[in-house]
Protein chains: 2
Amino acid sequence: MRVSLALKKSWRLFNHGPVALVSASAEGVDNVMAAAWVTPLDFDPPKLTVVLAADTYTRALAERSGELVLQVPTVSMLSVIEGVGACSGRDVDKWSKFSIEREREDGVAAPLVKGCVGWLAAKIIAEPRLASEYDLFICQGFAAWADDRVFSDGRLRDDVPPELRAVHHVAGGTYVVDGAIVHASRG
Amino acid sequence: MRVSLALKKSWRLFNHGPVALVSASAEGVDNVMAAAWVTPLDFDPPKLTVVLAADTYTRALAERSGELVLQVPTVSMLSVIEGVGACSGRDVDKWSKFSIEREREDGVAAPLVKGCVGWLAAKIIAEPRLASEYDLFICQGFAAWADDRVFSDGRLRDDVPPELRAVHHVAGGTYVVDGAIVHASRG
């Protein structure tokens, strides 16, 4: 079940480097893309860096609305992750093409992709030179949610069901699935 | 065995979001720290973003020399990863304290940490406002190596031995170890 996640713990959704789905909405049009390069930049308030290629429609919508939702898909969603990365929302309606369901939250411009296990709604911090020179965006989270089968009390659980594990893109359609959780002893 | 990795494929060392060790050297002093927030930014030539907290000695050395080495440690090195992140090279010699061996390459200022499975030597691109405002550094790789038991022909192998797998930091000493490799069908 999707439940609220304390904002100050929301950087944990992305700290281990999973592939993200990025959704954005402007003027009544929603779109979603895959992004491997989503990384925390600060804890509280949470900031993240996101790389969005210049020609993507999701980037255009995010720039127009100033907002996006970053979310963590699961290994069960591999065909969606690949699918939304292989076509443009300028050409097709990805939501119907890949049977992706979305939900709305008050005060959040972009839709939340169902089936994901963590969501962070964020506003883009204006850094136009970074966007034009590096395709790099800095954003600040303002609301977060997590599936309580994966995160509880703001922590990644030790007993995440195999089908809900995150994936990390290696290259060219090859992904590493989250394996065992290990705890280092801190002395 | 450590072998050269084609520079244009070197972004793959970090694409799946593993924890990195960052080494730097200036004026005859070497240091090393752990960094969870190391992410590709571009493919060829490879650029990466790296977050280095303001008070770290490794950052000071990297800023002085304009260079650093980003490397991928393994699950076998968990105590080193934790150890170098829990003290400062200003106070202790981390190399001896944690029995870390290092190697040198011609033309590379920083040492390469032995036991890691991927290494990228990089030069810092001067972005002083990003450093002061966000602790964010952009660097460009100029030489790369990989352990051929983990990467061969520029690809992450399907048969990486368990003890050589990368780890991803979740929070507070909890890590996710690389699990299964999956290949999405394309097209």
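A:P45 sits in the loop that links β4 and β5 of chain A (helices, H or I of at least four residues, and strands, E of at least two, are DSSP runs numbered from the N terminus). Chain B has a cis peptide bond between B:D44 and B:P45, with omega about 0°, and B:P45 lies in the loop between β4 (38-42) and β5 (47-51) of that chain.

This is a predicted model, in which local features need pLDDT of at least 70 and side-chain atom pairs count only at pLDDT 80 or more, while totals for chains, interfaces and linings use all residues. Residues are numbered from 1 along each chain as its sequence is written, and chains are lettered from A and ligands numbered from 1 in the order in which they are written.

Most residues other than glycine have a negative phi, and most peptide bonds are trans. A:S99 belongs to the loop between α3 (94-97) and β7 (102-103) of chain A, and it counts as exposed because it has 10 C-beta neighbours inside 10 Å. (A residue is buried with 20 or more other C-beta atoms within 10 Å of its own, exposed with 12 or fewer and partly exposed in between; C-beta atoms are placed from the backbone.)

In chain B, the phi of B:E27 is near 50°, again positive in a residue other than glycine. B:E27 is in the loop between β2 and β3 (29-35) of chain B and is exposed, with 7 other C-beta atoms within 10 Å.

## A covered strand in chain B

Strand β6 (residues 67-72) of chain B is mostly covered, six of its six residues being buried. In a regular strand the side chains alternate between the two faces of the sheet. Here B:E67, B:V69 and B:Q71 are buried on one side, and B:L68, B:L70 and B:V72 are buried on the other.

β6(B) has antiparallel partners. Strand β2 (residues 20-26) of chain B is joined to β6(B) by three bridges (strands pair if DSSP finds at least two bridges between them), and B:S23 stands opposite B:V69. Six bridges join β6(B) to β9 (residues 118-125) of chain B, where B:L120 is the bridge partner of B:L70.

## Chain A as a whole

Chain A holds four helices and 14 strands, and 47% of its 187 residues are buried. Its radius of gyration is 16 Å, which agrees with the value near 16 Å for a compact globule of 187 residues (taken over C-alpha atoms; the globule rule is 2.2 Å times the number of residues to the power 0.38).

## Where the chains meet

37 residues of chain A are in contact with 37 residues of chain B (contact means C-beta atoms, placed from the backbone, within 7 Å). To the side of chain A that touches chain B, β14(A) gives the most, with 10 residues. β14(A) is joined to β14 (residues 174-183) of chain B by seven bridges and runs antiparallel to it, with A:T174 opposite B:H183.

Chain A can be laid on chain B with an RMSD of 0.0 Å by a turn of 180° and a shift of 0.0 Å along the axis (least-squares superposition on the C-alpha atoms of residues with pLDDT of at least 70 in both). That is the relation of a two-fold axis. The copies meet through the same surface, because 100% of the interface residues of chain A are also interface residues in chain B.

Key. Two residues are in contact if their C-beta atoms, placed from the backbone, lie within 7 Å.
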